[in-house]
Amino acid sequence: MRITVDADACPVKEIILDVAEKYDIPVTMITDTSHIMYGLPCETVTVDKGRDSADIAIANRVQRGDIAVTQDYGLACMLMAKGANVINQNGFLYTDKNIDELLMRRHISAKQRRGGKRSGHIKPRTAEDDERFRACLERLITRLLDS
């Protein structure tokens, strides 16, 4: 088992590294050239800035039983199809029960944006958001280690 992170604009990288160290799980952070990272205690992979290049690199690396962290619903769906356990940075697991609704919301939002509708204000990240993510990641890891 390893943790692969869609690291472009991921606000929970430090939490992932902290939890992974606690459970001795290797981590790979994947980003494009607009978000180059240095000095992290994990494998970092930088890919070209092309459309979906980081997503393709992630999909090519993740294997059944791995953990992936992404906020991209489309990528989450692809990784779930490969048998990965996918978690959102806001502290919820993508499941067969919620992915269809999330993809539909993404489709409707994109359609509205193309029609000129502006999206709402994005709330600032809170300490509670970070704790929710940490707790969800730890629950997932302990469940996988126990099985």
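The model described here is predicted.

**Cysteines**

Cys42 has a relative accessibility of 19%, so this residue falls in the buried class. Cys77 has a relative accessible area of 32% and is therefore partly exposed. The two residues are set out below.

| Residue | Relative accessible area | Class |
|---|---|---|
| Cys42 | 19% | buried |
| Cys77 | 32% | partly exposed |

A search for disulfides across the whole structure returns zero.

**Helix H3 and its ends**

Helix H3 covers residues 73-81. Its buried residues include Gly74, Leu75 and Ala76, and also Leu79 and Met80. Just after H3 comes Gly83, with a positive phi of about 90°.

**The protein as a whole**

The secondary structure consists of five helices and five strands. Read from the N terminus, the order of elements is β-α-β-β-α-β-α-β-α-α. Of the 147 residues in the protein, 41% are buried. The accessible surface comes to about 8900 Å², and carbon and sulfur atoms account for 50% of that surface. Among contacts between residues at least 6 apart in sequence, 49% join residues at least 24 apart.

Technical notes. Residues numbered from 1 in each chain as written. Predicted model: local features only at pLDDT ≥ 70, side-chain atom pairs only at ≥ 80, totals over all residues. Heavy atoms only, no water. Disulfide = S-S within 2.5 Å. Buried < 20%, exposed > 50% of the residue type's maximum accessible area, 1.4 Å probe, protein only. Helix = DSSP H or I, 4+ residues; strand = E, 2+ residues; numbered from the N terminus. Contact = heavy atoms within 4.5 Å. Areas by Shrake-Rupley, 256 points an atom, 1.4 Å probe, with all protein chains shown as cover.
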